[in-house]
Amino acid sequence: MEIDPPLRQAYKDLLMHKKKNQPALPAAAAAAASEIVDECELPLIDLRPLILAGGSAEEREKCKTEMARASEEWGFFQVVNHGVSPEILDRMRREQVKAFKQPFDRKKEEDDKFSAGTYRWGTPTATCLNQLAWSEAFHIPMTDVVSSSSFDDVNGGGSFNSLRYVSVVLCFLLFSALHEGKSSFASRGGARIKWSRAGLYCIISVKKINIYIPMPPAAAVFGLMPHTDSDFLTILYQDDQVGGLQLVKDGKCFAVKPNPQALIVNIGDLFQAWSNGVYKSVEHRVVTNPHVERFSTAYFFCPSYDTEIESRCEPSIYRKFSFKEYRQQVQEDVGKLGRKVGLSRFTVNAIYS
Ligand SMILES: O=C(O)CCC(=O)C(=O)O
Ligand SMILES: [Fe+2]
């Protein structure tokens, strides 16, 4: 009874660089997954004054300013005292392990219970090795959680609500930091953000649980290929022991040091567009560990599909677009090109047709 999906079998040709009509992988791309990168500690923000009662107004302002600065400079930060109890996080992780340790056939059946595409493994659209994800994931849209009780707590209940709560709080604090001119963008005399009346009221967030299957670095395969997130904001609960998340800062790649107490927050493409490029949606990736599995949970905070993203800054970097349009474009690019092009398609002077 197999538990792991047949990754080696399915991607045998890619692994041997023998796919028909496929040029051999350039050395730089092959080296990317196994390159040595320096470790970094993400800006650490204590949310106690914001989430838990008792903080002074000054402390709350400081917290907000730190988050806005980290979103501008890093696009990533980590938060402690976030209000999600260790018991909830523990339970969520235990249930996650249980979900992935089911037989492969059973995992495939989850698609029948929920929307198609709930359970995913590898990257069916990959045309070269560095587009391949050596991992499995369950994508659970919020609507599935609301409408079903058959998938247990890993997909719903306490953990979903707690992560949603944190993401809503952080998102609105970051909105208001921009609005109040906390960012250096505004204090440098840049235009203010005028918020469009976007449909943030109807949120269709997605929770994704990942398992990264061990793979020797020599194989030069990513656990998750370099990407930016297509949402407003992501809350990430990473493995407390096994590192693997890497991000790009100032053109250089850094490995994020695991912090068992912290949740990681990262800015997504929609926030970058809405903030007219003030907050950065930075490229990140996951490298596999050669010996042990790594687990993570990502909570993607997305608006409803018809939400229009528009900064209304002058001059505006990005044209107005709906979340639906963005998602469709991403899917089209992944299908045709094997990779996401992302926000550069939506600049006012986009060169892509
Ligand atoms: O597993 C991680 O640390 C990152 C996951 C991630 O970036 C994603 O699912 O979009
Ligand atoms: Fe991501």
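Which residues does Leu263 touch, not counting residues up to four places away in sequence? I looked it up: Leu263 touches Gln78, Val79, His82, Val84, Val166, Ile235, Leu236 and Tyr237. I call two residues in contact if their C-beta atoms, placed from the backbone, lie within 7 Å.

**Ground rules.** This is a predicted model, where local features need pLDDT of at least 70, side-chain atom pairs count only at pLDDT 80 or more, and totals for chains, interfaces and linings use all residues. Residues are numbered from 1 along each chain as its sequence is written, while chains are lettered from A and ligands numbered from 1 in the order in which they are written.

**Overview.** I noted 12 helices and 15 strands in the protein. Here helices (H or I, at least four residues) and strands (E, at least two) are DSSP runs, numbered from the N terminus. Of the 353 residues, 40% count as buried. Buried means that 20 or more other C-beta atoms lie within 10 Å of the residue's own; exposed means 12 or fewer, and partly exposed is in between, with C-beta atoms placed from the backbone. Among contacts with a separation of 6 or more, 79% come from residues 24 or more positions apart.

**Core.** I went back to Leu263 here: Leu263 and Phe77 touch the most other members of the largest nonpolar core, which has 76 residues. Helix α9 (residues 157-179) gives the most to this core, with seven residues. Such a core is a set of buried Ala, Val, Leu, Ile, Met, Phe, Trp, Tyr and Cys residues joined through C-beta atoms within 7 Å.

**Eight-strand sheet.** I traced an open sheet with mixed pairing in the order β2-β3-β11-β8-β13-β6-β5-β4. Its edge strands are β2 (44-46) and β4 (119-121), each pairing on one side only. Neighbouring strands are turned by 25° against each other on average, direction ignored. Strands pair if DSSP finds at least two bridges between them; β5 (residues 135-141) and β6 do so in the antiparallel sense over seven bridges. Glu136 stands opposite Ile211 in β6. Helix α5 (residues 57-73) lies across β2, β3 (76-80) and β11 (263-267), at about 155° to β2. For such angles, axes are lines fitted to C-alpha atoms, for helices over the stretch in contact, and the range is 0 to 180 degrees between N-to-C directions.

**Five-strand sheet.** I found another open, mixed sheet, ordered β1-β10-β9-β12-β7. β1 (38-40) and β7 (222-227) each have a single partner strand, so one side of each is left without a neighbour in the sheet. The twist averages 35° from one strand to the next. β7 and β12 pair in the antiparallel sense over three bridges, and His227 stands opposite His284 in β12.

**Ligand 1.** What surrounds ligand 1? I listed Lys208, Asn210, Leu224, Asp229, Leu236, Gln238, Leu245, His284, Val286, Ser296 and Ala298, a residue being near if its C-beta atom, placed from the backbone, lies within 6 Å. β6 (206-212), β8 (233-238), β12 (284-287) and β13 (294-301) each supply at least two residues of this shell.

**Two loop residues.** Asn276 is in the loop between α11 (269-274) and β12, and counts as buried because it has 21 C-beta neighbours inside 10 Å. Thr127 is in the loop between β4 and β5; with 14 such neighbours inside 10 Å, Thr127 counts as partly exposed.
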